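Trainee: I'd like to learn how to read a model like this one. Can we go through it feature by feature?

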Amino acid sequence: MAETQKKTIVVTRFDPDRDEAPRQQSYEIPVEPDWKVLDALNYIKDHVDPTLSHRWSCRMAVCGSCGMNVDGSPKLTCKDALSEYGDTVEVTPLANFPVVRDLVVDIEGFMDRFQKVKPFILRAKELSVEAGPTRQSPAELDDFRQFSMCINCMLCYAACPVITNEPDFLGPAAIALGHRYNLDTRDEGQAERNKVFREDGGIFACSYAGECSEVCPKHVDPSGAIQQAKLANVIDWLTGLVLRRGEAR
Amino acid sequence: MSHARPVVDAMKPSKPGETRTAPPRPPDGFPSQGNYRAYVAFGFGGFFLFTVSLLVLRAVWALGNGEAAWNRVQASFQNPIYVIFHALAFLWLSWFILRLFRLFPATQPKRIGPFQRPPDALLVAGLSGAFAVVTLIVAAILWGCA
């Protein structure tokens with residue numbers, strides 16, 4: 001029988017009631033070849049140290065709960081194979097977020113940013129039921145489909161160097177989502193969102209590191225969305241300036 | 001962009017929560033690892049852009065101040081330090097522009113007017129080709145001047 005492989009998982013621990021600052025704790029555990037990083041954390045929680053705190057839910061890269069930094073890179077731990085790492089794997093909470101406990105980060109700041117971009121269909125006037133469904137062609141849907149794939153895992157925020165230096169920055173996911181609704185033919189809220197986009201910390205705060213798109217597990221390409229939003233806003237602003245008709249679509 | 005603000009403000013909630021939290025860390029590996037290196041190097045290209053712009057302004061100023069001033073500027077072009085700086089600036093800015101071209105396709109919407117966006121490779125090749133042609137034309141003109 002093959003000998004069980006062992007790995008050392010180095011985990012950030014932080015108890016707000018006891019610890020002044022986060023610290024590292026190592027666990028040597030037996031691992032299976034098909035394990036994801038999340039399986040190792042769950043093993044520690046279930047068999048070694050029940051005090052370990054981490055978020056997870058769906059285990060199939062859909063809910064976006066289990067984002068953590070693994071060996072320095074933001075990853076969805078339920079999608080990231082443990083076998084891709086060496087004998088020692090370091091798991092830390094997502095960078096750029098305050099830490100609530102161990103590997104759990106405070107997402108309030110993230111949710112605040114989402115609210116700002118009004119991530120829902122805005123209409124100047126509600127359509128009546130008699131008007132029937134709003135039609136949208138496959139080509140029109142294809143314009144924003146990619147940006148609607150975001151699962152709010154916050155990996156892009158953990159990878160963004162602008163967030164570190166510009167605390168007011170809306171950030172990749174929120175802008176990508178706002179841009180997604182701006183591209184939606186059923187939506188009429190571009191003017192409202194573009195005001196938010198052009199504020200301090202809006203789209204023009206992005207200096208295009210592009211790392212958000214690198215780490216995105218759903219290939220949303222938020223950095224592309226931000227650059228597209230910049231271009232659309234410049235055209236929108238110029239159109240309004242020349243035609244004197246305020247915010248153009 | 002304010003760089004003076006402390007890192008601990010990043011992703012702070014609008015209203016303070018009841019739980020004490022540990023301050024956030026900046027992204028691991030910044031600025032020395034992975035894609036961050038290219039990002040920082042790209043930003044450093046601003047040094048060359050700024051310095052070359054000053055040198056161009058100096059040449060323009062000399063043009064408006066008589067033949068002697070212009071001759072002095074031309075003579076300074078022979079200085080080895082300037083030649084080395086200009087060679088470095090050319091290499092850096094070429095890389096700077098080519099990286100910009102590589103990033104360009106992602107900034108374009110899927111449809112441009114009624115047309116589908118051209119393939120990324122075609123956009124990059126087109127921009128790079130145009131850059132090469134313009135550089136050669138400018139080089140030929142300057143070579144003729146020299």
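Mentor: Let's start with helix α4(B), which is hardly covered: among its 26 residues, the count of buried ones is zero. Buried means 20 or more other C-beta atoms within 10 Å of a residue's own, exposed means 12 or fewer, and partly exposed is in between, with C-beta atoms placed from the backbone. Helices (H or I, at least four residues) and strands (E, at least two) are DSSP runs, numbered from the N terminus. Keep in mind that this is a predicted model, where local features need pLDDT of at least 70, side-chain atom pairs count only at pLDDT 80 or more, and totals for chains, interfaces and linings use all residues. Residues are numbered from 1 along each chain as its sequence is written, while chains are lettered from A and ligands numbered from 1 in the order in which they are written.

Trainee: How far does α4 (residues 120-145) of chain B reach from its first C-alpha to its last?

Mentor: The expected span of a helix is 1.5 Å times one less than its number of residues. Helix α4(B) reaches 38 Å, close to the 38 Å expected.

Trainee: Which way do the residues of strand β4 (residues 73-76) of chain A point?

Mentor: In a regular strand, side chains alternate between the two faces of the sheet. Here A:Ser73 and A:Lys75 point one way and A:Pro74 and A:Leu76 the other, and all are buried.

Trainee: In what sense do β3 (residues 67-70) and β4 of chain A pair?

Mentor: Pairing takes at least two DSSP bridges between two strands. Strands β3(A) and β4(A) are antiparallel, over four bridges, and A:Gly67 has A:Leu76 as its bridge partner. The two strands form a hairpin with two residues between them, and A:Asp71 in the turn has a positive phi of about 50°.

Trainee: Which residues touch the most other members of the largest nonpolar core?

Mentor: Such a core is a set of buried Ala, Val, Leu, Ile, Met, Phe, Trp, Tyr and Cys residues joined through C-beta atoms within 7 Å. This one has 61 residues, and A:Met154, A:Cys156, A:Tyr157 and A:Ile175 touch the most other members. Helix α6 (residues 172-183) of chain A gives the largest share, seven residues.

Trainee: Why does this core lie between domain 1 (5-105) and domain 2 (108-243) of chain A?

Mentor: Because both domains give residues to it; their bounds come from an automatic or database domain assignment.
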